[in-house]
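Visitor: Please take me through the terms used for this model and show what each one rests on.

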Amino acid sequence: MKIVCIGGGPAGLYFAISMKLRDAAHEIEVVERNRPYDTFGWGVVLSDETMDRLRGNDPESAAAIDENFSHWDDIDVFFKGEKMTSGGHGFSGIGRKRLLNILQERAEALGITLTFETEVENPEDYEADLIVASDGVNSRVRQRFESVFKPDIDVRANKFVWLGTNKVFDAFTFAFEKTEHGWIWAHAYKFDPETSTFIVECSEETWRGLGLDQADTDETIALCEKIFGKYLDGHSLMSNARHLRGSAWLNFQRVSCERWYHKNIVLMGDAAHTAHFSIGSGTKLAMEDAIDLAEGLHKKQSLAKALEDYQETRRVEVLKLQSAARNSTEWFEDLHRYLQQEPQQFMYSLLTRSQRVSHENLRLRDKDWLERAEAWFASTALERLTQRWIPPMFAPFKLREMELANRVVVSPMSMYSARDGLVGDWHLVHYGARAQGGAGLIYTEMTDVSAEGRITPGCAGIYTNEQRDAWKRIVDFVHAESPAKFCLQLGHSGPKGATKVGWEGNDEPLPQEQQWDLLAPSALAWAPENRVPKAMTRADMDLVRDQYVHAAAMAEEAGFDMLELHYAHGYLMSAFITPLMNKREDDYGGSLENRLRFPLEVFHAVRAVWPEDKPIAVRISSNDWLGGLGITPQDSVEIAKAMKAAGVDIIDVSAGQTSTEAEPVYGRMFQTPFSDQIRNEAGIATMAVGNIYEIDHVNSILMAGRADLVCLARPHLTDPNWTLRAAAEMGYREVEWPKPYLTGRNQLYRLAEKAQAEQQALRV
């Protein structure tokens, strides 16, 4: 093939090398706009996994890279006057200039033509079989064919500047400094025996407050040297961008493209995709792009098929890393949330920010550091110093006078098995089994305050004495046979009532003759096929409020430890809160303050009859998932603040299910960021829910301060003993088992210890 690579960075050079190694007959030219030794970065980081691929692809250039690597294991974090160090992280860095020199020399040795100081205006001017656009984040080729590649460029909020220094950092260093205009921080790491990268980052507000928006490069360096002087030990900062006009400060651009190729032109590296510098994967992605495309082109398939396979194969890996990079980017953008944390928790949050590093992965990297952090968490929970090892999920938690043995919650799960609102033996077995399974708190399904407030004919209620007594039977069993606390979730279906049970059709209306009249803030049907509800009058509101109060009084008579008011998922109170379903023009519609008026009125009425020593939670939908329409995560912070002011003890943070047009973004722990935001911006305890199913998920959410309790639903459907199994898997023995099950407990711990020993042997 005759190949032209536009852009002489790692992507273009390494692709040329990879092609030439596979067939020396290829005629390849690399065209670069800059001079041979110009570069606009300092050091780059390559993972062990990437280096293994480079060694397999070209042992000679990999050996040269290895020889020039600087290796380090530790991460140092400086925060609030403390220095904290965690080891076992295994980084390798190399100067970007040195990496380019190695690749340039290797390319020339293989007979590849390198052309410098040449600007390509139109790639189609080249007569080539393949044109590789590896011309960086501001790719002119991508811009020229924008309508084909359809790039999505997300300009991120924070400002950053690439600098260097001759101070050699022995660890990957994060240094956070508070100024009169806000916080500013450095990411620093060595890349050769004499030089380190020193990236400075801050919010735009801090950047402007410090006058950096008016500063040239020399003035930027002078101020950064003043702020970070104690970390530089007298060394200066340097810039290789002094020749640029204007400020050297940048906003990171996250680039993704719908299509990566057009005819014989293909995008590679930063031209196709970018990953934030805080996870150091841009060069990794570029060089792995090069390997995969070279391999695909030598599979004796058509060019079009090779380019299509390259696009689809690489897109999967890129999306994974871009997701991790997005998490990391947002952590730094939302730094204000975490500044009130203690240093140990702050560092844990920093280390796990991308979600690529889990709780147990941290234990493998640095067991001593993690155990110190766990001891801090346990001491905080116990309100006294302790040397006992307590995993975060087994740290106690207190709400008012209710004390939970651990932080695991069995989420509300609709059983659709009640008859006329009356729970029976099914519910006794269901809740009894889960209470004996080790979780600190178990929830009822949404239990309705009236017959008309049921979602389906199979929904539970607590509006008659018979229903109260049926619940009391279950509550008494739970309290007699387990240490678990029991929470009753109260709700009213509103516009989503009179539907079939879940397995017959989710939110599908019952046959018309079986339906009942519905209430809602506005006369808006949940969906076109659903019954149109009555817009509530003041009398209707009084009635529903009093039904909640009556239900709460019966819940106390039944012996429940806690109440939760269900204000989420498009049910009645949620319908008042979201503007998607509340179109009222009176004092209960319009502004968020008005839309909250009736839900808060109901809460106050319930709180007045519920015992002072018992907590009340409120579940909210923190995001309507409609791209800024409806409730947004920032709105949910204001909702939580209003709930906190009213006396709500904890927010159960869910999302969505408020509109049939919603477009939720699913994934593991996908709703936890909303809990994180509410907890750390509204200053109220939260519960995290949503696709949480692993031990690591629970421990990492708690340790990072993203929630105070963690809810698991489906895992408890398939395994009522999930919490007891988790304790055995971690080797934690201070959990209470039902006495008849003790022989099973002993076997479970033996098997868990055997499995751990086998895993350890494999690692060795």
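This is a predicted model: local features need pLDDT of at least 70, side-chain atom pairs count only at pLDDT 80 or more; totals for chains, interfaces and linings use all residues.

Guide: Residues are numbered from 1 along each chain as its sequence is written, and side-chain values use heavy atoms, with hydrogens and water left out.

Visitor: Why is Cys711 called buried?

Guide: Buried means under 20% relative accessible area, exposed over 50%, and partly exposed in between (1.4 Å probe, protein chains only). Cys711 has a relative accessible area of 3%, so Cys711 is buried. Cys711 belongs to strand β29 (residues 709–712); strands (E, at least two residues) and helices (H or I, at least four) are DSSP runs, numbered from the N terminus.

Visitor: Which residues does Cys711 touch, not counting residues up to four places away in sequence?

Guide: Contact means heavy atoms within 4.5 Å. On that basis Cys711 touches Val409, Ser411, Asp652, Met687, Ala688, Val689 and Ile692.

Visitor: What makes Lys284 count as buried?

Guide: The relative accessibility of Lys284 is 6%, so Lys284 counts as buried. Lys284 lies in helix α10 (residues 282–297). Leaving aside neighbours within four places in sequence, its contacts are Leu46, Ser47, Glu49, Thr50, Glu317 and Leu321.

Visitor: Why is the pair of Phe576 and Phe598 called tilted?

Guide: Rings of Phe, Tyr and Trp (its six-membered ring) pair if their centres lie within 6.5 Å; planes under 30 degrees apart count as stacked, over 60 as edge-to-face and the rest as tilted. The search of the whole structure finds 36 aromatic pairs. For Phe576 and Phe598 the centres are 5.0 Å apart and the planes stand at 50 degrees, so the pair is tilted. Phe576 is in helix α18 (residues 572–577) and Phe598 in helix α20 (residues 597–609), so the pair ties together parts 22 residues apart in sequence. Phe576 and Phe598 are both buried.

Visitor: Where does the charged end of Arg259 sit?

Guide: A charge sits over a ring if NZ of Lys or CZ of Arg is within 6 Å of the ring centre and within 35 degrees of the ring normal. The charged end of Arg259 sits over the ring of Tyr261, 4.1 Å from its centre. The charged end of Lys496 sits over the ring of Tyr571, at 5.0 Å from the centre.
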